[in-house]
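Okay, hi everyone, thanks for making time. Let me put the structure up on the screen, and then I'll walk you through a few things in it.

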Amino acid sequence: MSDPVLQLQHISKRFGTLLANDDISLTLGAGEVLALLGENGAGKSTLVSILFGHYIADAGSITVFGQPLPRGDPKAALAAGIGMVHQHFTLADNLSVLDNVILGSEPLWQLFTRRSAARARLQAVAQRFGLGVDPEALVGRLSVGERQRVEILKALYRGARILILDEPTAVLTPQESEALFAVLGQMVAQGLSIIFISHKLGEVLRVSQRIAVLRAGRLVAQAQAADTSQAQLALWMVGHAVEAPQRRPAQAVGSPVCVLDNVSTAPARERLLHASLSLHAGEIVAIAGVSGNGQVALAELLCGTRAASAGRVQLLGRPLPPHPAQLVPLGVARIPEDRHAVGLVGDLPVWENAVSERLRSPAFSRWGWVRRAAARAYAERIMRAFDVRGGGPLVPARALSGGNMQKLILGRALTRPKHSAPDSPSPGGAANPGVPCLIVAHQPTWGLDIGAVAYVQAQLIAARDAGAAVLLISDDLDEVLTLGDRVAVIHAGRLGPARPAADWQREAIGLAMAGITGIPDAAQEAHT
Amino acid sequence: MRLEKRSQSSGLALLLAPVGAVLFTLLVSALLVWWAGADVAQTYGLLLRGGFGSVFALSETFTRAIPLMLTGLAAAVAFRARLFNIGAEGQLYVGALAAVAVGGLHGGTGFDLPAPLLFGLMLLAAALAGALLLLGPALLKARLGVDEVVTTLLLNFIVLLLVSLMLDGPMKDPTAMGWPQSVALMGELELSKLVAQTRVHSGLLIAAALAVAVWVLMKYTVLGFDIRAVGANARAAAFAGVPVTRTVVLVAMLSGALAGLAGAIEVAGRTSYLTLDMSPGYGYSGIVIAMLAGLHPLGVVAASVFVAGVLVGADSMSRAIGVPTYIADVIVAASLISVLVATLLTQYRVRWK
């Protein structure tokens, strides 16, 4: 390794009782891609936040190009040549690419911006690293991949020599990810250094030279990418061996449970256009796609929080009721995309969140009064059965970790109250009365650690095997291909045909996610 | 400086926060007293004695606390659901207006109904008037996203003009020598005094009972859950099947009704007729009280007694020494700010660079 451009020495950071970073020392060489690997909560974000000056370390020091970096000063980090590309972009949609790039790098008290000089410099940087983008294009009109390029350009324009990329592929199609990796290659070849944060093992091995693994705030291992394997990395990351979920195809596919017939939703942030799909008992239909292409509309439609503007949605032969309070008693289990904003009411205690969907059923309320004992018992049953840890039924839901929140939501969706048989007139689809007839799972494993991912996936498979129809909407192509019995791709609100997973090539899915499809019209629903 | 979220609030911090807030309030106010040239200890002593030091002081404090309790409850209930009802002042006045309309001695008589029935009718009318006044802003918010802070605030001024119109017109007391005041309430409808020779009346019991009722509603009923869920996270509440629009409308009716009752009880318990200066801003003080109470219905009872005591005590103190009564406003305002800051500090820590 050449001279280190960046040295972190004995960085520690404590939040209350949580030791987020415990004596971490790392070096980054010139022209090196260092992957920072770890589960959610392992301390990756804290570490780069300290590096970028958002947090102040309790102990330790940082040296950049031989100079000590002042603590807690993002401006100093920028000046020292550290650039950061956040997972959630920090761009102004209503400004052009050029304006976004020069925003903040121009002096405040200056009557005119030197646009032509700035444009020339931007184009030089773009050319040097192969980051082609039109400087005058409005950022709001760019695709996600292009916006990410603008973010990277912004950092490079400011003279970044060390680039931190936080989960950069989370929002990209496989092809866009490949393009990003090519750009990273060019940057490294020209002597820049990159810290690449990820929890995707394959990607980390593919893109980086060296990998540092964090677990529970500690640096547990460092290895050359060439000398390690996915299994080894997973072991370091989790601390124990994890069985990757195995593809297990559906055994007994039953009758249709939910049928979408040429359904559209009203234009909103995302919409659905002429979607047709049928979900059968005992199978998982997985929807792949880059987020923002209509997944939200599809999920909300089936969760009862958005109405169809055209077409028919049928559940067990009858029109799908348009309200969650009517859907849940029919046996629709719903796992929303955003557990913080939609799944749970963070300020309310765990037990109230556990019964919130069914509070109106006679099992949990009578004459408007909550049957607290029954509700508490139900919550405790869910917490036991789904191993929800983190403080018992009385703590506010926001105090739970992401994995425990998801287990709570999963438990709530999959557990029916004990004496609530009369609340649903025996859904014809599901053979087992305790099993939901339809499960709508939108990004059910997003942001979870490997253990929780495996748990959630196993629960979905178990529910399928018990006779539930499962709709899985996921950005994670691996998840789609592992769990889906049939796979459909959604792009720009149009849902492609759901074909058996075995018939899909990875490349074909990637192309379909980008809107390039060999099938003439998505409306030709091939399913029978 | 910057704020960092604490991973956990320690029990000690939660205990010390209100104590620190009170000490800080007293310190800030003491500076002003000292600046006014008065003896700080003597001023505080007089203030305390004037508010809480005798049966008379306490009776005055509780009398003042009654409308504050009800407007405080109105604000606490609405704010819990994130319906920012700034219109309790207007709802109080329409409540008082409705009470006089039902129970007033119009043309020297009144409705020919048994007194208990008429009393119930009077309270119902006041509650309904307050509720209906807030219904419009609530529907505008739920359906069209119109900011209820603006609509409820502006309605206050419209209501005051309406009251002015009524007091100079149809409801004017012909025997009031031209003063704009309403006809008096029928004597049978006036609330009994709790302690002889004082002004404190049985409206205190009604207000306290309503505080308990609201607390029970919030804690033990489905509607209470709906209100808390909508206020904490409306999207998640809707996802869980809470009828969000209906909840907002019901909360508005409840909040408006409580403020309307404040007006009726003030007329029936204290003034017996309505004037334009009946409320020295009880509706707005209700917001302060609700915040001081952390939006807890039982906390509202304590907070309204505290604020009323400070106001009454300051009146008496300023008569004895030359410190203006404005010190009461300063104390109430400073206590609100320091309670809010103290609450913030239990959740965040301050880092100095």
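So, keep in mind that this is a predicted model. Let's start with helix H3 of chain B, residues 55–80: it has 26 residues and spans 35 Å from first C-alpha to last, close to the 38 Å expected at 1.5 Å a residue. Where does H3(B) bend? At B:Ala65, by about 30°, and there's a proline, B:Pro67, following within four residues. Is this helix mostly covered or mostly open? Mostly covered: 21 of the 26 residues in H3(B) are buried. And just after H3(B) you get B:Arg82, with a positive phi of about 60°.

Now, the packing. The largest nonpolar core has 204 residues, and those touching the most other members include A:Leu438, A:Leu471, B:Leu70 and B:Leu258. Helix H10 of chain B, residues 244–271, supplies the largest share of this core, 14 residues. Over in chain A, domain 2 (245–331 + 428–528) and domain 3 (340–423) each put in at least three residues. Apart from that core there's another one, of 66 residues, with A:Val5 and A:Leu233 among them.

If you zoom in on A:Leu438, its contacts beyond four places in sequence include A:Val257, A:Leu279 and A:Ala468.

Last bit, the two chains together. On the A side 30 residues are in contact with 21 residues of chain B. H11(A) gives the most to that side of chain A, with three residues. By class, that side has 16 nonpolar, ten polar and four charged residues.

That's my tour, happy to chat.

Technical notes. Residues numbered from 1 in each chain as written. Chains lettered and ligands numbered in written order. Predicted model: local features only at pLDDT ≥ 70, side-chain atom pairs only at ≥ 80, totals over all residues. Contact = placed C-beta atoms within 7 Å. Helix = DSSP H or I, 4+ residues; strand = E, 2+ residues; numbered from the N terminus. Nonpolar A, V, L, I, M, F, W, Y, C, P; charged D, E, K, R; others polar. Core = buried A, V, L, I, M, F, W, Y, C linked by C-beta atoms within 7 Å. Buried ≥ 20, exposed ≤ 12 C-beta atoms within 10 Å, placed from the backbone. Domains from an automatic or database assignment. Expected span 1.5 Å × (residues − 1). Bend = angle between axes of the 7 residues up to and from the residue.
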